Amino acid sequence: MSIGEQIKAMRKIRGLTQKELAEKIGLNKTTYARYENGERRIPLKTAIRLAEFYHISLDYMAGLTDSTEYY
């Protein structure tokens, strides 16, 4: 699963729209949508914000581990 697919799945599990999530982490909705769709790479700073918001590791978000724990 790509990072875009992963963040989309996590957003849907929490019942958020792209606009709601973008506002919660301080992004424009269109920018966030491009991350989910794989049209833009997610900057590290934004990836960290997402990981903190979801309380997951960057490794999990990138699909490198099945463990959601972060250190």
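Predicted model: local features only at pLDDT ≥ 70, side-chain atom pairs only at ≥ 80, totals over all residues.

User: Which residues of helix 2 are buried?

Analyst: Helix 2 spans residues 18–25, and its buried residues are Gln18, Leu21, Ala22 and Ile25. They lie on the same side of helix 2, because the arc they cover around the axis is only 100 degrees.

User: Why would that spacing put residues on one side?

Analyst: An α-helix has 3.6 residues a turn, so residues three or four places apart point the same way.

User: And what is on the face turned away from the buried side of helix 2?

Analyst: That face carries Glu23 and Lys24, which are exposed.

User: What do the buried residues of helix 2 pack against?

Analyst: They pack against helix 1 (3–13), helix 3 (29–36) and helix 4 (44–54).

User: Take helix 4. How do the axes of helix 2 and helix 4 cross?

Analyst: The two axes come within 10 Å and cross at roughly 105 degrees. An angle from 65 to 115 degrees counts as roughly perpendicular, and helix 2 and helix 4 are therefore roughly perpendicular to each other.

User: Which residues make the contact?

Analyst: From helix 2, Leu21, Lys24 and Ile25 take part; from helix 4, Arg49, Leu50, Phe53 and Tyr54 do. By type, the contact of helix 2 with helix 4 has 5 nonpolar residues, 2 charged and no polar ones.

User: Back to Gln18. Buried or exposed?

Analyst: Gln18 counts as buried, because its relative accessibility is 16% and the cut-off for buried is under 20%.

User: What is Gln18 in contact with, leaving aside neighbours within four places in sequence?

Analyst: Gln18 is then in contact with Arg11, Lys29, Tyr32, Ala33 and Glu36.

User: Different topic. How many aromatic pairs are there?

Analyst: The count is 1 aromatic pair. Phe53 and Tyr54 form that pair, with 5.1 Å centre to centre and 75 degrees between the planes. The pair is edge-to-face, because planes over 60 degrees apart count as such.

User: Are those two residues buried or exposed?

Analyst: Tyr54 is buried, at a relative accessible area of 3%. Phe53 is partly exposed, at 28%.

Methods: Residues numbered from 1 in each chain as written. Heavy atoms only, no water. Phe/Tyr/Trp six-rings, centres within 6.5 Å; stacked < 30°, edge-to-face > 60°. Buried < 20%, exposed > 50% of the residue type's maximum accessible area, 1.4 Å probe, protein only. Helix = DSSP H or I, 4+ residues; strand = E, 2+ residues; numbered from the N terminus. Arc of directions from axis to C-beta. Contact = heavy atoms within 4.5 Å. Axes fitted to C-alpha atoms, helices over the stretch in contact; angles between N-to-C directions. Parallel < 35°, antiparallel > 145°, perpendicular 65-115°, else oblique. Nonpolar A, V, L, I, M, F, W, Y, C, P; charged D, E, K, R; others polar.
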